[in-house]
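Here is a set of exercises to work through with the coordinates open beside you. Try each task yourself before you read its solution.

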Amino acid sequence: MTELERHSYDVVVIGAGGAGLRAAIEAREQGKRTAIICKSLFGKAHTVMAEGGAAAAMGNVNSKDNWQVHFGDTMRGGKFLNNWRMAELHAQEAPDRVWELETYGALFDRTPDGRISQRNFGGHTYPRLAHVGDRTGLELIRTLQQKIVSLQQEDFEATGDYEANLKVYAECTITELMKDGEAVSGAFGYWRESGRFILFDAPAVILATGGVGKSFKVTSNSWEYTGDGHALAMRAGATLINMEFIQFHPTGMVWPPSVKGILVTESVRGDGGVLKNSEGKRFMFEYVPDVFRAQYADTEEEADRWYKDADNNRRPPELLPRDEVARAINSEVKAGRGTPHGGVFLDVSTRLPAEEITRRLPSMHHQFKELADVDITKEPMEVGPTCHYVMGGVEVDPDTASSVVPGLFAAGEVAGGMHGSNRLGGNSLSDLLVFGRRAGMGASTYVDSLQERPKIDEADVDTAATEALAPFELEGGENPYSIHQELQQSMNDLVGIIRKEEEMEQALGRLAEFRGRIAKMTVEGHRQFNPGWHLALDLRNMLTVSECVAKAALLRQESRGGHTRDDFPGMNAEWRKKLLVCKLESDGSVDVTEEQQIPMRPDLLELFELDELSKYLTEEELPAK
Amino acid sequence: MATGVSAPGRAQVGLKTARSDRWWLAPLRIGVILLFFVVYATIRIFMNKWYWVGDFHYLTPLYSPCVTSSCVEGSSHLGTWFGNFPRFLPFSLITFVILAGFRGTCYYYRKAGYRSLFFAPAACAVPEPHKSYTGERKFPLIALNLHRYFFYGALVFGLLNVYDGIQAFHGKGGGFGIGLGTVIIWVNLIALWLYTLSCHACRHIVGGRLKNFSKHPMRYRYWTFVSKLNPKHGTFAMTSLFTVILTDFYIMALSAGWFSDLRIIN
Amino acid sequence: MSYKGKFRVWRGDSEGGELKDYEVEVNEGEVVLDVIHRLQATQTPDMAVRWNCKAGKCGSCSAEINGMPKLMCMCRMNTFEEDEVVTVTPMRTFPVIKDLVTDVSFNYQKAREIPAFKPPADVKPGEYRMQQVDVERSQEFRKCIECFLCQDTCHVIRDHEENKESFSGPRFLMRIAELDMHPLDAADRQHAAQEQHGLGFCNITKCCTEVCPEHIKITDNALIPMKERVADRKYDPLVWLGNKIRRRPA
């Protein structure tokens with residue numbers, strides 16, 4: 001029998017970003033003994049990188065805003081591929097979730113009348129993003145972290161033990177989920193620090209592991225984003241949807257090389273920054289697609305007036321949804337109108353006074369100054385697309401966040417459906433809060449409904465342990481770092497922002513080859529804090545996820561949101577009705593099948609104009625005239 | 001048992017500090033300046049002479065206000081509040097206690113002193129030589145918390161210095177006059193006031209202690225003003241140290257007759 | 001543009017260790033963390049290093065570079081001469097785990113000892129009204145990314161292990177200041193700052209401010225104002241005298 005430490009909980013949350021922490025808070029408040037497991041230290045999760053804000057239709061800045069408008073924007077941004085129920089719940093509940101943060105101690109920027117200030121962002125009709133300068137993600141994670149601490153303090157008062165009902169397992173990685181028949185029964189993993197194994201016995205597991213960006217070379221994501229939750233879910237029998245949709249954020253840093261991909265917040269554009277090519281032209285005016293013509297300005301004058309008077313002017317095209325802007329930048333660079341380092345210029349220095357820039361965008365100012373030696377109050381930035389977010393993820397029930405596997409829940413980036421084919425900026429932080437809470441509730445209700453606690457099969461534990469130690473067994477194999485670099489390069493080049501059939505087939509060939517090489521990897525040293533070993537284990541997940549992305553992308557013969565096919569440039573209403581579902585076969589290969597979308601509820605359909613709907617839906621789906 | 005960076009469990013690096021820059025330069029420089037001032041001020045205070053230039057009504061700040069009957073004729077323009085002081089007791093005693101107290105308890109000088117004179121620590125990430133450390137929690141260092149009372153005192157002396165400054169517009173034989181001495185006295189006055197107003201205790205008292213600025217707009221304005229000066233408190237502290245020495249030296253030299261004042265008007 | 005950089009990196013664990021010399025390729029525009037990663041990928045695959053965002057936002061990659069506490073991701077290689085030896089050690093105030101990774105649990109314990117934000121009793125969610133000028137002071141402190149470099153550099157605990165129990169360190173004294181200045185926080189923080197969290201240990205030598213990668217003015221804006229607030233309550237001679245007189249008969 002494998003030597004390990006064992007813990008028993010009601011709910012285990014994997015991931016300590018916004019979604020994970022919010023889920024844990026909910027589960028604990030529902031009276032469940034809860035464990036939070038995070039790969040990094042507590043409070044370091046990738047949520048800190050979110051800059052712009054949390055979208056919530058509070059109507060503090062423009063009172064015309066309401067959940068219906070937010071819902072419409074989200075659907076439009078996702079090109080109507082979204083799970084409409086998730087988009088509806090999200091738009092309805094986001095304001096409450098943001099207000100709740102204030103009771104935990106969050107300090108958002110304020111309006112003159114003392115309410116939460118809201119800022120403009122791409123694809124949002126009204127100023128909607130609650131923010132703190134350009135470090136909203138940090139505020140969110142710190143607030144949730146401090147709320148966790150306050151719950152622990154309550155437990156300490158009551159029991160004398162801070163960790164009686166809510167404990168954080170930091171620097172701990174889960175490698176396998178345990179099952180009892182169909183249902184989840186626990187999770188197996190290891191402490192990064194010591195390499196020792198750890199087993200959680202729990203009837204409900206919430207995945208909140210974030211995204212998959214580390215499979216791409218140019219990415220704004222950190223090392224943690226290796227698609228662990230996606231892969232764990234698949235290995236446990238759950239399904240993933242929309243994996244072909246990867247959001248490339250239009251503005252990542254392009255220089256110096258070591259920071260290539262690091263995010264430049266969309267707030268730069270929301271606050272007046274403009275995109276220019278090497279000829280000094282504001283090129284976005286050329287790239288407004290027909291579906292958005294009515295909402296976006298066609299002259300620079302009108303676009304500039306919008307910042308002062310949003311009600312009587314149309315929005316600047318720099319604020320189109322992210323997929324549109326990313327593609328436009330890509331085309332400009334390909335056409336030879338890029339900057340010396342292969343990006344375009346993003347200029348805020350000529351648009352706002354220096355003090356305004358440092359007040360509204362302090363961390364951007366800091367980031368460029370320290371990492372690139374560029375003073376954004378005096379010079380333009382050089383930016384280009386960077387892999388930022390995966391719209392796809394675990395297929396979940398919108399109301400409870402439950403996957404198809406009983407006891408397995410998912411929230412945040414690891415869950416799929418909410419954002420359709422493209423996520424709007426600011427919808428991610430609110431998504432974390434809304435569905436994090438729902439996952440916590442869903443898991444608690446599920447635990448309450450159980451007659452009997454699912455059991456862990458010791459044989460599964462031994463298998464998991466053997467698999468985790470496999471990289472130490474071989475000698476003379478390849479080093480995981482070099483395979484990882486090749487994987488990133490392949491995904492970036494062949495399944496990147498613009499996709500072609502033959503390239504994706506080539507990618508699948510390479511992925512099959514990596515699978516063979518990964519099986520023969522060698523890790524040096526011992527189990528104590530060994531990054532080589534950690535990477536070797538994460539690589540398996542990255543490979544599975546990459547396969548999902550490439551296979552689904554090959555099948556979807558249209559361009560929509562975060563999926564652009566060179567060979568199928570248009571959007572196709574027939575494809576809108578279909579979701580591509582990934583499932584793991586018993587031999588470990590990925591199988592992708594088509595699934596029909598559930599038609600939108602008529603009352604939600606009524607929120608849109610008929611001409612707009614006709615751009616997305618097929619004839620028969622349109623409401624009768 | 002080894003403590004500090006070589007305490008058990010910590011990384012045994014083998015170097016006291018791995019700093020490769022000249023970290024000792026700044027504390028050394030500040031230390032030399034502070035010691036020089038202490039020596040200079042002590043000597044001057046016990047000299048009991050050359051603090052008043054009768055022709056132009058220049059009074060050195062080190063002796064202001066001169067309010068004992070031992071003061072040189074004319075220098076006690078605020079009146080005589082005390083009788084003769086014995087030889088060993090300087091007339092500037094009160095001034096000295098308040099002003100040295102103000103500087104000694106000042107948050108900037110505390111940093112400078114702890115770093116340069118007590119090496120606690122001399123520079124960041126450089127181990128201090130002391131076996132134990134209790135901070136400002138016990139007598140006598142706990143008394144440093146009385147900074148604000150010295151600040152109030154310094155405000156009073158600041159006002160008296162302004163009075164001295166006005167007196168210094170005095171021509172030879174009466175009437176209005178300006179000399180280089182007047183200019184130096186006023187430069188010193190400005191430096192002293194910038195130092196006094198940028199004080200952390202002042203920042204707290206004018207508004208920093210409030211929880212809600214929005215309910216006290218006037219005090220928020222004062223606080224904002226002091227907050228603008230406050231980051232330069234250290235600069236003002238060192239500048240005013242030099243201007244005090246310069247002013248005192250200039251007046252001493254005039255009073256001793258080493259050279260004569262450069263007159264601009266009268 | 002690329003050259004062979006000379007690095008001395010501390011390798012070891014809580015049992016012991018040493019500075020080891022390495023030659024690593026350095027390219028234009030790189031930071032120390034890039035070089036450490038290259039070292040890991042090419043020469044020392046099992047070298048432990050903690051990192052995350054690589055953009056100075058998460059505060060994971062804290063270490064000491066040429067003896068100064070810094071974030072490895074924000075320390076650019078062009079701040080060194082090409083022939084200069086760059087020494088990288090783990091933070092030296094916390095117990096080491098392995099190589100550049102230290103056990104920072106001290107900080108999480110201290111965080112727990114500070115009572116959380118206490119919401120006002122009669123204000124419902126959504127009804128919080130605060131003015132920008134009132135939240136700005138606390139917002140500055142909330143920029144903290146918890147890299148713990150201030151805790152690492154603070155001599156009170158760096159040089160005196162025994163003070164760890166009674167001193168929470170700049171990060172957490174700043175947290176108390178943040179709550180004390182929060183316009184709607186309903187708890188009293190000042191007494192505990194001095195009595196339980198050791199504000200009196202601080203001798204304002206400002207190293208915390210010096211090393212803060214977020215450029216938070218920890219000393220001027222949090223610690224000194226907190227000391228003054230405590231002085232309001234504790235070191236006002238009249239209050240003190242009153243307490244003395246009243247305490248006697250009891």
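## Exercise 1: Chain B

Read along the sequence, chain B runs α-β-β-α-α-α-β-α-α-α-α-β. This is a predicted model, in which local features need pLDDT of at least 70, side-chain atom pairs count only at pLDDT 80 or more, and totals for chains, interfaces and linings use all residues. Residues are numbered from 1 along each chain as its sequence is written, while chains are lettered from A and ligands numbered from 1 in the order in which they are written.

**Task.** Describe chain B: how many helices and strands does chain B have, and what share of its residues count as buried?

**Solution.** Start with the elements, which are DSSP runs numbered from the N terminus (helices are H or I with at least four residues, strands are E with at least two). Chain B has eight helices and four strands. Next, take the extent: the C-alpha trace of chain B spans about 75 × 50 × 35 Å along its principal axes. Then count neighbours. A residue is buried if 20 or more other C-beta atoms, placed from the backbone, lie within 10 Å of its own, exposed if 12 or fewer, and partly exposed in between. By that count, 39% of the 266 residues of chain B are buried.

## Exercise 2: Which chains touch?

**Task.** Find which pair of chains has the most contacts, and work out which elements build the side of chain C that touches chain B.

**Solution.** Two residues are in contact if their C-beta atoms, placed from the backbone, lie within 7 Å. Two pairs of chains touch, and chains B and C have the most contacts. Chains A and B share no contact, and their closest C-alpha atoms are 10 Å apart.

Now take the B–C contact, with 48 residues from chain C and 44 residues from chain B. On the chain C side, the elements giving two or more residues include strand 1 (3–13), strand 2 (16–26) and helix 9 (218–234) of chain C. Helix 9 of chain C gives the largest share, seven residues. Finally, sort that side by class (Ala, Val, Leu, Ile, Met, Phe, Trp, Tyr, Cys and Pro are nonpolar; Asp, Glu, Lys and Arg are charged; the others, Gly among them, are polar). The side of chain C that touches chain B has 20 nonpolar, 16 polar and twelve charged residues.

## Exercise 3: A helix pair in chain A

**Task.** How do helix 13 (residues 480–494) and helix 14 (residues 501–519) of chain A pass each other: roughly parallel or roughly antiparallel?

**Solution.** First, the axes of the two helices of chain A come within 10 Å and cross at roughly 170°. Helix 13 of chain A is therefore roughly antiparallel to helix 14 of chain A, a term for angles over 145 degrees. The contact involves, among others, A:Leu487 and A:Met491 of helix 13 and A:Ala507 and A:Phe514 of helix 14. By class, this contact has eight nonpolar, two polar and three charged residues.

## Exercise 4: Helix 2 of chain A

**Task.** Which residues of helix 2 (residues 67–77) of chain A are buried, and what covers them?

**Solution.** The buried residues of helix 2 of chain A are A:His70, A:Phe71, A:Asp73, A:Thr74, A:Met75, A:Arg76 and A:Gly77. Their cover includes strand 4 (54–55), helix 3 (84–104) and helix 11 (427–449) of chain A. Step just past helix 2 of chain A, and A:Lys79 takes a positive phi of about 55°.

Terms used:
Axes fitted to C-alpha atoms, helices over the stretch in contact; angles between N-to-C directions. Parallel < 35°, antiparallel > 145°, perpendicular 65-115°, else oblique.
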